[in-house]
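Okay, thanks for coming, everyone. Let's have a look at this one together.

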Amino acid sequence: MANRNDARTPNGWPEPTSEQVQVMLLGTYHMDNPGLDEVNVDADDVLADRRQAELRDLVARVSEWNPDRVAVERPYDRNEAINDLYWEFRSGELAYDREASFPSPHSERDELTTECRSEIVQVGFRLADHLGHERVAAIDEYPSEPDTDPFEDRDVDSSRKTDIELADNDTVQRESDERLSSSTIPEYFAWINDKEERRENHDFMFDRGIRAADERFGSPLALAYWYDRNIRMVHHLWRTMDATDDRILFLVGAGHVRVLRHLLTEAPMFCPVSPLPYLPARDRDAEGVA
C-alpha cells in the first residue's frame with residue numbers, strides 16, 4: 001500500500017540526528033472550500049463514498065510513520081474546544097463520513113456544515129483517532145496586524161526591473177482544479193507536497209513584498225507577518241509536545257511547507273521530514289518536471 005522508503009530523504013530535506021524531534025510536514029488543500037488563499041482549489045465533497053475510501057487510504061499510508069502527536073492548523077487558544085470536538089468523533093458520537101452541523105473553531109469559517117468536511121477533521125482527527133491518540137495539538141496563531149505600514153507612504157518604483165518568470169494565478173488555479181478532479185486524494189497530496197519544492201507560493205509573495213507592489217502581500221511588512229505567524233507555529237509545536245515525543249506530524253496548508261521546512265531546519269531541536277516516501281510515487285519525467 002504505502003510507498004515507504006525510510007532510507008530515502010527527498011532533495012532539500014535534512015537528515016535528522018538522534019537528539020532531534022522529527023516533524024513531518026503534510027501539506028494539504030482546504031477540503032471545506034473556505035476561499036481564504038490566493039489560489040483556492042475547487043474541492044469536491046469529501047463526504048462522497050469515493051473520497052472517504054481515499055481518505056482512509058491516505059491515513060493508512062501516513063500512519064506507517066507512526067507519529068507520537070498530530071498537530072493541526074487551528075488556533076492554539078481554542079485547543080480545548082478542538083479536542084472536545086475531536087472526542088465527539090473519537091467516541092463515535094459524530095462520524096467522519098456523515099455531515100454534521102457545528103461551529104468551526106476557525107474565526108473566518110462561519111458555515112455550520114463545512115468544518116466536518118475540513119482537512120482538520122477528515123485527515124487530522126481521523127489520523128489521530130486511527131493511531132489511538134488521546135488529543136491533537138492546535139498550534140496556529142495569527143499575530144496582531146500592524147496599525148500602519150510605513151511602506152505605504154514611500155515613493156517606491158514597484159515595477160519589475162528584472163525579467164523573471166512567475167506562475168500565473170489563473171493557470172495555477174486551473175492546474176490545481178484539474179489535478180484534483182483527476183486524482184485520488186493520496187495522489188493529489190503527493191502532487192501538492194512535491195509541488196511545494198517548486199516555490200510558486202513564495203515566488204509571488206516575495207515578488208510583491210520586496211517590490212512593495214500595490215497587491216496582496218505587497219509590502220515587506222506583509223512578508224514579516226507571514227514569517228511571524230509561521231515562527232509562532234513552530235513555537236507552539238514545541239510548547240504542546242511532551243518530552244517523550246520523537247515524531248510529530250503537522251497537517252498544514254501546503255503553502256506553509258516551504259517556510260516551515262526552513263524554520264524547522266534552523267531550530268536545533270527539530271528536523272523537518274517530507275511525507276513523500278509515504279505517498280503514491282509520481283512519474284515526474286512523464287509530467288515534464290525537471
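So, which residues have the most contacts inside the largest nonpolar core? Before I answer, keep in mind that this is a predicted model. The answer is Tyr29, Phe125 and Phe189, and that core has 46 residues. Who contributes? The elements giving two or more residues to it are β1, α1 and β2, then α2 and α3, and finally α5 and β4.

Let's zoom in on Phe189. If you skip its neighbours within four places in sequence, Phe189 is in contact with a run of residues from Leu26 to Tyr29, namely Leu26, Gly27, Thr28 and Tyr29, and also with Met31, Leu58, Val123, Leu251 and Leu279.

There's also a second, separate core, with 25 residues, and Trp13, Met205, Trp226 and Leu260 are among them. As general background, nonpolar side chains in soluble globular proteins tend to be buried together.

Now over to a helix pair. The axes of α7, residues 220-240, and α8, residues 257-266, come within 10 Å and cross at roughly 55 degrees. That angle is why we call α7 oblique to α8. The crossing of α7 past α8 is right-handed.

And what meets what here? On the α7 side you have Trp226, Tyr227, Asn230, Ile231, Met233, Val234 and Leu237, and they meet Val259, Leu260, Leu263 and Leu264 of α8. Sorted by type, the residues of this contact come out as 10 nonpolar, one polar and no charged.

Last stop: the loop between α1 and β2, where you'll find Asn66. Asn66 isn't a glycine, yet its phi is positive, at about 60 degrees. For context, most residues other than glycine have a negative phi.

How values were computed: Residues are numbered from 1 along each chain as its sequence is written. This is a predicted model: local features need pLDDT of at least 70, side-chain atom pairs count only at pLDDT 80 or more; totals for chains, interfaces and linings use all residues. Side-chain values use heavy atoms; hydrogens and water are left out. A nonpolar core is a set of buried Ala, Val, Leu, Ile, Met, Phe, Trp, Tyr and Cys residues joined through side-chain atoms within 4.5 Å. Buried means under 20% relative accessible area, exposed over 50%, partly exposed in between (1.4 Å probe, protein chains only). Helices (H or I, at least four residues) and strands (E, at least two) are DSSP runs, numbered from the N terminus. Contact means heavy atoms within 4.5 Å. Axes are lines fitted to C-alpha atoms, for helices over the stretch in contact, and angles run from 0 to 180 degrees between N-to-C directions. Angles under 35 degrees count as roughly parallel, over 145 as roughly antiparallel, 65 to 115 as roughly perpendicular and the rest as oblique. A crossing is left-handed if the near helix is turned anticlockwise from the far one by less than a right angle, and right-handed if clockwise. Ala, Val, Leu, Ile, Met, Phe, Trp, Tyr, Cys and Pro count as nonpolar, Asp, Glu, Lys and Arg as charged, and the others, Gly among them, as polar.
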